[in-house]
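I opened this one to look up a few things and jot them down as I went. Here is the structure first, then my notes.

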2 protein chains.
Amino acid sequence: MLSRSLRRSLIRQVRFQSTSSTAKSPLPPLSSTKLPFPKCINELYQNPPAPNTPIQLQGWVSATRISKNVAFVDIVDGTSHHDVKCVVRPPSLIPANLNTGSSVQLNGLWVEGKGKQKYEVKISNTAEESDGKKDSNNSLVVLGEVEELYPLQKKVHTAQFLRTIPQYRWRMQHLAALLRFRSYVEASLVEFYNLHSFTKTHPPLVTSSDCEGAGELFKIESNSLVGTKEKFFGKDAFLTVSTQLHLEVMCAALSRVWTLTPCFRAEESDTNRHLSEFWMLEAEIAFIDHVDQLTKFSEMMIKHVVRKLVKDADNFGTDLLESMLSKEQVQQIRQRWNMLLAKEWDSITYTKAIEILKDAHAKDNTIFKYEPVWGEGLRSEHEKWLAGSYFKNPVFVTDYPIEEKAFYMSINADESTPTKTVACFDLLVPDIGELIGGSMREHDLKKLEAEIQRRGMNLESFDWYLALRENGSVPHGGFGMGFERLLQYLSCTDNIRDVIPFPRSVNNCPC
Amino acid sequence: MLSRSLRRSLIRQVRFQSTSSTAKSPLPPLSSTKLPFPKCINELYQNPPAPNTPIQLQGWVSATRISKNVAFVDIVDGTSHHDVKCVVRPPSLIPANLNTGSSVQLNGLWVEGKGKQKYEVKISNTAEESDGKKDSNNSLVVLGEVEELYPLQKKVHTAQFLRTIPQYRWRMQHLAALLRFRSYVEASLVEFYNLHSFTKTHPPLVTSSDCEGAGELFKIESNSLVGTKEKFFGKDAFLTVSTQLHLEVMCAALSRVWTLTPCFRAEESDTNRHLSEFWMLEAEIAFIDHVDQLTKFSEMMIKHVVRKLVKDADNFGTDLLESMLSKEQVQQIRQRWNMLLAKEWDSITYTKAIEILKDAHAKDNTIFKYEPVWGEGLRSEHEKWLAGSYFKNPVFVTDYPIEEKAFYMSINADESTPTKTVACFDLLVPDIGELIGGSMREHDLKKLEAEIQRRGMNLESFDWYLALRENGSVPHGGFGMGFERLLQYLSCTDNIRDVIPFPRSVNNCPC
């Protein structure tokens, strides 16, 4: 029982019920909800002006076709997969310096379209005066020219070539669509977490801890102190490889927290699914006690995003699909989305996964380069085969051997396996392999200390982290998901470098 | 005019209208929209169970009051400003190791409240059997104890003391409310930008450029290469001080872009409004040509956030206000929000600002420590006085002298000032001073090159940035806002370190 003196010191928290009624005043009207700049193409299509309204429009020329009596100029502005088709009559209204890629400003008439498109813009000089002055309400002006060597005048380029021109490549419509997709998926995730009482929080990127206890770190120092003995932070500081440990601090106060922040790994692997700087979504949840709660929750999260995409696609067309360069790509993406929603995802233990892999290997030893062995991590080929060939669906693999995983994971009581296992999971998806990794976190102070010591790690450097288990410790768990991996997977993009604006990897930081 | 051969090479972009109808299939029902974990306190209040429903609840004890026949235990879980009040009868049901700060799990009856609170939870042993077994449907169990020296058993601590225990401080209800406020404001901003066809994008944090051309940078290197001649990125790499230059690249493709990312400054200033790692909101907008468009837009943005806050406060109470420790704080915040919405914000030129400051200084030379002089930057005291004492409202100051600002800003044609000025603005707010800084960006290649050279900066290192002006250049502008400054201002928080989970500054990176 509490001591009497301690009890007496417990004072009621000062609270103000219905403070909302104090200082209440009528909300002043918004001076304007209208943006102080001209409409963009997305706004024109979301809320189209009445036909035959004069409009002003700016954008970049994506194509031109000029014949004797009429010219067509297509304008894009990156806010939508839609272009605006302009019918220019006579073609002489087109300035001599207009080219694919030029930025332009036009004044014309917004009219109903004649072909497939619902609307188009008519630019004509019907109002031309006898003195040759053009009607300023009908004009097409080049704002920024392009050089003869401008690389994007052709419509088709390899993704590889486009990666060599980071300053221009997002002007390609299908790449711009990937950035809009990124923005859309992030907003869906914000919605999902808000719906479920999570706080989006911002753990630090600069840290003096090493979360994983391994891995290649980037070290940071004030530029003016590099090479001196002084240290800006008074100690060595690194860029975070995972915000999990700090997120656990917030979880132990706010119960449900998530974040989407950059993480950094100085790994020299140069593959189509690794980056040195990437965005990671991490979530931590208090008051749960089984890894199944985490797998079910992460399944809900991804399905929330995909359901929105499919609904949009069915109702008014998804920006991403409309921007794809081929019908095959569109079908591939639709199939993937449908597959993700089709049924509840399977969950198997690591031990079961090894059994399945061993069986397959025994039947045909050409499937895998590496033999599946209990106690060793799953190779990327194993992960892809399990999800892609065996389950043909996302699959959770749980309870890996302790030596394959990090120190903070809860150790299972199960004694039937060759070595102990931990209450963790990986979500494996076809084509990509691991998309999410998570676990229950050890919340018992003594057990956690013992494990840190068993691994020969420095107990003192985890003082602040262990403190969470000293006072008001709660069972909790969480997971991390590479945001670019998710985008890559949902958009069927081959290379992770095409879903992040400026990919960073070994020897690759041009600007 | 285009060459004929070039024309012929312009092929129609491959597009698929109504791809949305391909592969259409009925959306499978969600297997479950119910979270796989027990309800949190926010969910209990948002969607209360019917009175007399048995519930399970977890959280931390925020207070206890024990008398002879009954005990009261207040539970919080950080998802809401609300606590849940438990009425425990008899008090002996309270475990001996329960204390303020303990984490607990309880099973009880959700009933209508008797005092101010609408609901409370009854825990009683009415169902106690004669053999002494307690009804498992009525229980209160400690999950995690607290040590005798646990620092948060008292309810009132100075903010300064709490900053010394970063692992615990967010368990204080009023600090947790600031983190939820942060999450809320970010979601409002996501909503605002989505409403206006902006793409949220993610410029790199690792860069080989120095945006501002000055300022203290952090240098980064792979930990295993520090001290060697090798460089992970093949060149020197730094943490970004502003993502603007990269954001301009995306703006020149997507027209309207914004971001909210960490930025880093190795400044040794140790004030209550500076951090070495902070989050910055930056926006870039294409096809605008006057700084007034930027000021009006940024005013709309902040008013959008504040209107939501005021509406919530008027309707069902704002989480932040309900969590404040004093009525005075609540009034101060309400007044600030009302003030922000009351009228359209003034905008004056820098030249006019200096006139006003000089007049005030002439009348009373004790107001300022530093004399206001045209051509010198505004001091923090000048900024605070202009907004706080003169306008008593946020105020935009535009068109600063060129030497006070960065190389990329558009130079004004105005010849009436002692030196040239640039088309820029700062938003000054009472108490804080500068909240936003922005400008039109020079989009004319020759002018920009000339300015870079005039400043003795290295033209070559800006190749990629200058390229934007070589092809399809567009008039554009943008701004940056310290996210923590906004939070600090809107929540009337004295120290910026209380609105970010783990503040980083010189000699301050404890974990």
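I started with A:Pro90, which sits in the loop between strand S3 (84-89) and strand S4 (103-112) of chain A. For the labels, helices (H or I, at least four residues) and strands (E, at least two) are DSSP runs, numbered from the N terminus. The peptide bond joining A:Arg89 and A:Pro90 is cis, with omega about 0°. I then checked chain B, where the bond from B:Arg89 to B:Pro90 is cis with omega near -5°. B:Pro90 lies in the loop between strand S3 (84-89) and strand S4 (103-112) of chain B.

I also looked up A:Ser255, which is not a glycine but has a positive phi of about 70°. A:Ser255 lies in the loop between helix H5 (244-254) and S11 of chain A.

**Ground rules**

This is a predicted model, so I note that local features need pLDDT of at least 70, side-chain atom pairs count only at pLDDT 80 or more, and totals for chains, interfaces and linings use all residues. Residues are numbered from 1 along each chain as its sequence is written, chains are lettered from A and ligands numbered from 1 in the order in which they are written, and side-chain values use heavy atoms, with hydrogens and water left out.

**Sheet in chain A**

Next I traced an open sheet of eight strands in chain A, in the order S7-S11-S12-S17-S16-S15-S14-S13, with mixed pairing. Two strands pair if DSSP finds at least two bridges between them. S7 (199-200) and S13 (346-349) of chain A are at the edges with a single partner strand each, so one side of each has no neighbour in the sheet. S7(A) runs parallel to strand S11 (residues 256-264) of chain A, and two bridges join them. I picked out A:Thr199, whose bridge partner in S11(A) is A:Val257.

Helix H9 (residues 350-363) of chain A lies across S13 and strand S14 (395-398) of chain A, running at about 90° to S13(A). Axes here are lines fitted to C-alpha atoms, for helices over the stretch in contact, and angles run from 0 to 180 degrees between N-to-C directions.

**Sheet across both chains**

Which strands form the antiparallel open sheet of six? The order is S8(A)-S10(A)-S9(A)-S9(B)-S10(B)-S8(B). S8 (206-207) of chain A and S8 (206-207) of chain B stand at the edges, each with a single partner strand, so one side of each is left without a neighbour in the sheet. In chain A, S9 (residues 218-222) and S10 (residues 237-239) pair in the antiparallel sense over two bridges. A:Ile220 has A:Ala237 as its bridge partner in S10(A).

**Interface**

How many salt bridges cross the interface of chain A and chain B? The rule (a side-chain nitrogen of Lys or Arg within 4 Å of a carboxyl oxygen of Asp or Glu) finds four. I looked at B:Arg256 with A:Glu43, a salt bridge whose closest N and O atoms are 3.0 Å apart.

Key. Contact = heavy atoms within 4.5 Å.
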